[in-house]
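Have the sequence and the model at hand.

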Amino acid sequence: MLFSLAVIFLVGLSAAAIFQAIGLPRIIGMLATGILTGTYVLDLLDPKILGISSELRQIALIIILIKAGLSLNLSDLKKVGRPAVMMSFLPASFEILGYFILAPLLLGINHMEAAVMGAVLGAVSPAVVVPRMVKLMEEKYGTEKSIPQMILAGASCDDIFVIVLFSTFVTMAQGGSAKATDFLNIPVSIILGVLLGSLSGFVLFYIF
């Protein structure tokens, strides 16, 4: 397992630095490392690492979202409240609708499979968006109109929206049916996330 961790960190960071040097995003180097060292190419990773891959992905997502949260200012969010809310679901909705209409015509799949595909491909990747927006905020690009902050906030909520839709579409594709309560999970998840995050923040603030 130690060898696998060394390969992941050393090769991944080296590849990221190489891709950055040639003007490409660092994440492409990390993705290439994952593909090459994975089970379908060189198979260098310990099965124990692969067994906890879902937990490692969750940890990575938590770290990325914490970084996004620490980079946001409440006053900036108040400025972009309505546009950030629109960004959290409108782009993904139109992308899913586009796949729903065009994928059956171009790819020969049914509409429900097209909806699942749209939910997968319409999701925003925090691993791509968060570092770029944080960098723009550090360099003061677009911060006068709070554009990076708006995209950061919208991207975080977009994932919740798309994940709930994806789960619903997969259930329907497997012969199940969608319920109104499934779609209620979207605002409930966002509101609970805000409340729990705020409560945790205040507790940590007073402790430390």
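## Positive phi in loops

Asp-43 sits in the loop that runs between α2 (26-37) and α3 (47-51). The model is a predicted one. Phi of Asp-43 is near 55 degrees, a positive value in a residue that is not glycine. Most residues other than glycine have a negative phi.

Lys-140 is a second case. Its phi is positive, about 65 degrees, and Lys-140 is not a glycine either. Lys-140 belongs to the loop between α9 (126-138) and α10 (147-173). With a relative accessible area of 62%, Lys-140 is exposed, since the cut-off is over 50%.

## Nonpolar cores

Which residues form the largest nonpolar core? There are nine: Ala-92, Ile-96, Ala-115, Val-116, Ala-119, Phe-161, Val-162, Leu-165 and Phe-169. Three elements, α7 (90-107), α8 (111-121) and α10, each give two or more residues to this core. The most comes from α10, with four residues. In soluble globular proteins, nonpolar side chains tend to be buried together.

Phe-169 is one of the nine core residues. Beyond its neighbours within four places in sequence, Phe-169 is in contact with Ile-96, Met-112, Ala-115, Val-116 and Ala-119. Another core lies apart from the largest one. This other core has eight residues, including Val-129, Val-130, Met-137 and Ala-155.

## Met-30 in α2

Helix α2 holds Met-30. What does Met-30 touch, leaving out residues up to four places away in sequence? The partners are Gly-12, Leu-13 and Ala-16. Ala-17 is 13 residues from Met-30 along the chain, and their C-alpha atoms are separated by 9.5 Å.

Met-30 has a relative accessible area of 37%, so it is partly exposed. Buried would require a value under 20%.

## Aromatic pairs

How many aromatic pairs does a search of the whole structure find? The search finds two. A pair of aromatic rings is described by the distance of the centres and the angle of the planes.

Phe-205 is exposed, at 60% relative accessibility. Tyr-206 is exposed too, at 67%.

Terms used
Residues numbered from 1 in each chain as written. Predicted model: local features only at pLDDT ≥ 70, side-chain atom pairs only at ≥ 80, totals over all residues. Heavy atoms only, no water. Buried < 20%, exposed > 50% of the residue type's maximum accessible area, 1.4 Å probe, protein only. Core = buried A, V, L, I, M, F, W, Y, C linked by side-chain atoms within 4.5 Å. Contact = heavy atoms within 4.5 Å. Phe/Tyr/Trp six-rings, centres within 6.5 Å; stacked < 30°, edge-to-face > 60°.
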